[in-house]
Amino acid sequence: MSDIQHAIEEMFSERSAACPCCGATLSPEMLRGLLKQAESLQGEKQAFRRLAPDAGGMLIDPHAHMIARTTDDYEAMAASGVVAVIEPAFWLGQARTNVGSFVDYFSTITGFERFRAAQFGIRHYCAIGLNPKEANNRELADAVLDVLPRYLGKEGVVALGEIGYDEQTELEDRAFRAQIELAQEFDLPIMIHTPHRDKKRGTRRTMDTLEACGFDPARCVIDHNNEETAQEVLDRGYWCAFTIYPSTKMGNDRLAAIVERYGPERIIVDSACDWGVSDPLAVAKSARIMAAHGLGEAAIRQVVYHNALAVYGLNGEMSETHWLEPDPVDQRTLYGGNSVLRGQTPRVDQDNPDRIV
């Protein structure tokens with residue numbers, strides 16, 4: 001029994017205490033429960049800190065829709081150890097109506113969003129593609145497929161994605177196959193979106209299509225997996241990614257159990273934080289939970305860092321030197337005449353005489 005536990009037993013074994021927050025009565029059992037939770041959290045924190053001497057280590061969030069997040073999220077992610085994010089092309093919550101809206105969106109995630117992330121010390125990369133939800137408008141999909149090559153060779157583009165199936169229609173299949181060909185032409189890895197409904201069949205169909213098109217599984221990340229799909233994805237040689245949402249798809253403890261079962265090889269964790277209820281700190285929390293489950297430092301590093309770097313670094317656009325030898329942050333810098341600040345004192349790591357003003 002710890003000294004604190006002993007003190008609680010001595011002081012409150014027959015008495016209760018008032019909660020300092022709301023004044024409610026806390027019984028000895030409730031105090032013991034709170035203590036147990038606090039000790040568990042402290043254990044997770046200490047285990048996570050063993051990942052690196054600088055208390056946190058480096059993390060990559062390889063699927064984060066940062067265009068939908070705030071600067072507070074960037075600051076919190078950087079503080080948690082995130083050094084790089086990958087932003088895959090996504091739908092906006094409602095259907096786009098013309099190809100120009102895709103052009104503006106692709107231009108934003110290859111342009112301003114890279115600048116915005118850098119202002120908080122995070123390296124931003126992206127994946128470009130036509131999301132399967134928007135492949136069912138054939139005329140618009142064809143127009144988007146025509147403009148994709150304009151962006152696939154841009155600086156910071158590390159993959160084609162996220163693509164795949166949603167409702168598993170023939171039009172989705174048509175767009176999927178066309179983009180597999182583009183990935184082969186531009187020598188890009190692929191990021192796969194697996195269906196929310198009928199996931200197991202859709203994931204299997206996705207892999208069957210990729211193999212029919214001759215795409216190398218070692219260059220493909222299949223995301224949004226769960227316990228139903230993980231075994232086959234790994235058995236067939238693909239990178240197996242898990243989206244950690246607060247209530248759906250996959251939770252931190254479930255992920256830890258999967259890593260315990262299969263090992264860390266080719267397993268990736270991400271937040272997929274977007275405009276819905278999601279957590280931009282999901283990767284850091286997953287690392288803490290895996291540490292609390294007793295997984296070793298090397299295994300955790302592989303899942304939260306090395307695996308994403310290995311596959312998304314294949315085309316040479318993503319390099320560890322980008323954050324090990326970073327450009328200094330200078331929040332006086334402008335992008336198109338705009339600043340990320342609204343009157344705050346700018347962060348300036350060192351003087352930058354070449355800043356744009």
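1. Aspartate 61 sits in strand β3, residues 59-61; helices (H or I, at least four residues) and strands (E, at least two) are DSSP runs, numbered from the N terminus. The model is a predicted one, in which local features need pLDDT of at least 70 and side-chain atom pairs count only at pLDDT 80 or more, while totals for chains, interfaces and linings use all residues. Residues are numbered from 1 along each chain as its sequence is written, and side-chain values use heavy atoms, with hydrogens and water left out.

2. Is aspartate 61 buried or exposed? Aspartate 61 counts as buried, at 0% relative accessibility; buried means under 20% relative accessible area, exposed over 50%, and partly exposed in between (1.4 Å probe, protein chains only). Its C-alpha atom is separated by 6.5 Å from that of alanine 84, 23 residues apart along the chain. With neighbours within four places in sequence left aside, the contacts of aspartate 61 include Met77, Ala84, Asp270, Ser271 and Pro280, where contact means heavy atoms within 4.5 Å.

3. The protein chain has 14 helices and 10 strands. Of its 357 residues, 49% are buried. Among contacts between residues at least 6 apart in sequence, 70% join residues at least 24 apart. The chain exposes about 16400 Å², with carbon and sulfur atoms supplying 50% of it; areas come from the Shrake-Rupley method with a 1.4 Å probe, and for residues only the protein chains shown count as cover.

4. The largest nonpolar core holds 95 residues, and Val304, Tyr312 and Met318 touch the most other members. Helix α13 (residues 297-312) gives this core its largest share, eight residues. Such a core is a set of buried Ala, Val, Leu, Ile, Met, Phe, Trp, Tyr and Cys residues joined through side-chain atoms within 4.5 Å. In soluble globular proteins, nonpolar side chains tend to be buried together. Beyond four places in sequence, methionine 318 is in contact with residues including Ile60, Ala84, Tyr125, Val158 and Trp323.

5. The largest pocket has a volume of about 560 Å³. It is lined by 22 residues, and those closest to its centre are Ala118, Gln119, Arg123, Asp327 and Pro328. On a 1 Å grid over the protein atoms alone, a pocket is an open set of points where a 1.4 Å probe fits, with protein on both sides within 12 Å along at least five of seven lines; lining residues have an atom within 4 Å of a point. Grid points are joined across faces, edges and corners, and the volume is the space filled by probe spheres set on the points.

6. α5 (112-118), β5 (123-128) and α14 (321-324) each supply at least two lining residues of that pocket, and α5 gives the most, with three. By class, the lining has 10 nonpolar, six polar and six charged residues. Ala, Val, Leu, Ile, Met, Phe, Trp, Tyr, Cys and Pro count as nonpolar, Asp, Glu, Lys and Arg as charged, and the others, Gly among them, as polar.

7. Backbone points to check follow. Glycine 161 and glutamate 162 are joined by a cis peptide bond, with omega about -5 degrees; glutamate 162 lies in strand β6, residues 157-164.

8. Aspartate 187, not a glycine, has a positive phi of about 55 degrees. Aspartate 187 lies in the loop between α8 (170-186) and β7 (190-193) and is partly exposed, with a relative accessible area of 47%. Histidine 224, also not a glycine, has a positive phi of about 65 degrees. Histidine 224 is in the loop between β8 (220-222) and α10 (230-235) and counts as buried at 3% relative accessibility.
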